[in-house]
Amino acid sequence: MTSPDSSPRIVFIDVDGTILEHGSVIAPSTVTAIRAARRGGAIVYLCTGRSAGDIHPAVREIGFDGVVSNGGAFAVRIDADGTEEQLVSHLMPRAATERMIGYFEDHGIHYFLQTDDGVHASEGVGAAADEFFRQRRERHTEDLRALGLDDDDAPLPAISYRPLGEVDLDQVVKATFISADSDTLAHAQRELGDTFHVIPGSIPMPGGSNGEIALLGVNKGSAILEVLEILGIDASDAVGIGDSWNDVEMFEVVGTAVAMGGADPDLQAKADFVTSGVLDDGVHRALVRVGLV
């Protein structure tokens, strides 16, 4: 715990695969641990690839001191009364957005565009992702039973998209793509890597591929450094907990990097230690080990 004479410690914690499993299930111990860490004096920020408007209400209800969203494009500080103060904002230039869209359209790739308030889906993306979401709904029930919970004890899966025609191209910060081709990730890196940060996504696609695309230099790590400078906290006092490739830059800048059990072995190798899985008290165990619970 933080003493009056020491700098506060801060935790940056991912959402999907870290707090949430299959977009809907939260281990009760995760909620307890995060709230206990905050009561003990730690500052806790969500740090997610999701847009702010697509963060599940059940996650927000846990209570946080701030949010890094859209993979680092935005960050806000949340006051005790719920008022948000914007700390970080990095919009994608319209020309870059149009180039990215042109790449998707030229190659017949389904995609989502993210703004700070939501996610916009290209035509046909629902069919491309349907099998993934079907499997996730099935596992949702299995996860609840494993935790001794009923369907009413956890939120329904949050899958909310808006039509692509409603997007403001001047407000886009990130894209996620889903492709039937297994080599799209590598191809996108070759075609767009001079301007964009292209990384693997987290949707299991048998025989296909998916990924996330943002501007070079805009990532969780860059946003964390900006937040730490504003808050006057040294990076050595920061803990990062995550499970996906968009957490790599977070791991590189925090003093203690924690990978969730079940994360890719290559990502686990970049962490200071590996905790247990998302539904196996992984967050609770991590916060205990770093001395915040």
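Modeller: This is a predicted model, and what follows is computed from it. The structure holds one cavity of 30 Å³ or more. The space in the largest cavity comes to about 90 Å³. Its lining is made up of 13 residues, and those nearest the centre are Gly71, His197, Ile199, Glu212 and Asn246. By class, the lining has four nonpolar, five polar and four charged residues.

As to where the lining comes from, strand 12 (196-200) and strand 13 (209-215) each supply at least two residues. Strand 13 gives the most, with three residues.

Next, a loop residue. Asparagine 70 sits in the loop between strand 5 (66-69) and strand 6 (74-78). Its relative accessibility is 1%, so asparagine 70 counts as buried. The backbone there has a phi near 55 degrees, a positive value in a residue other than glycine. Most residues other than glycine have a negative phi. Aspartate 281 is also not a glycine and has a positive phi, of about 60 degrees. Aspartate 281 belongs to the loop between strand 16 (273-274) and helix 9. With a relative accessible area of 29%, aspartate 281 is partly exposed, because that value falls between the 20% and 50% cut-offs.

Helix 9 (residues 282-289) contains arginine 289. Arginine 289 has 57% relative accessibility and therefore counts as exposed. Between arginine 289 and threonine 275 the C-alpha to C-alpha distance is 9.0 Å, with the two 14 residues apart in sequence.

Last, helix 3 (residues 94-106). At 1.5 Å a residue, its 13 residues should span 18 Å, and the end C-alpha atoms are 18 Å apart, which agrees. Buried residues in helix 3 are Ala96, Thr97, Met100, Ile101, Tyr103 and Phe104. They cover an arc of only 155 degrees around the axis, so they lie on the same side of helix 3. An α-helix has 3.6 residues a turn, so residues three or four places apart point the same way. On the face of helix 3 turned away from the buried side are the exposed residues Ala95 and Asp106.

Conventions:
Residues numbered from 1 in each chain as written. Predicted model: local features only at pLDDT ≥ 70, side-chain atom pairs only at ≥ 80, totals over all residues. Heavy atoms only, no water. 1 Å grid on protein atoms, 1.4 Å probe; cavity = no way out; pocket = protein on both sides within 12 Å on 5 of 7 lines; lining within 4 Å. Points joined across faces, edges and corners; volume = space filled by probe spheres on them. Helix = DSSP H or I, 4+ residues; strand = E, 2+ residues; numbered from the N terminus. Nonpolar A, V, L, I, M, F, W, Y, C, P; charged D, E, K, R; others polar. Expected span 1.5 Å × (residues − 1). Buried < 20%, exposed > 50% of the residue type's maximum accessible area, 1.4 Å probe, protein only. Arc of directions from axis to C-beta.
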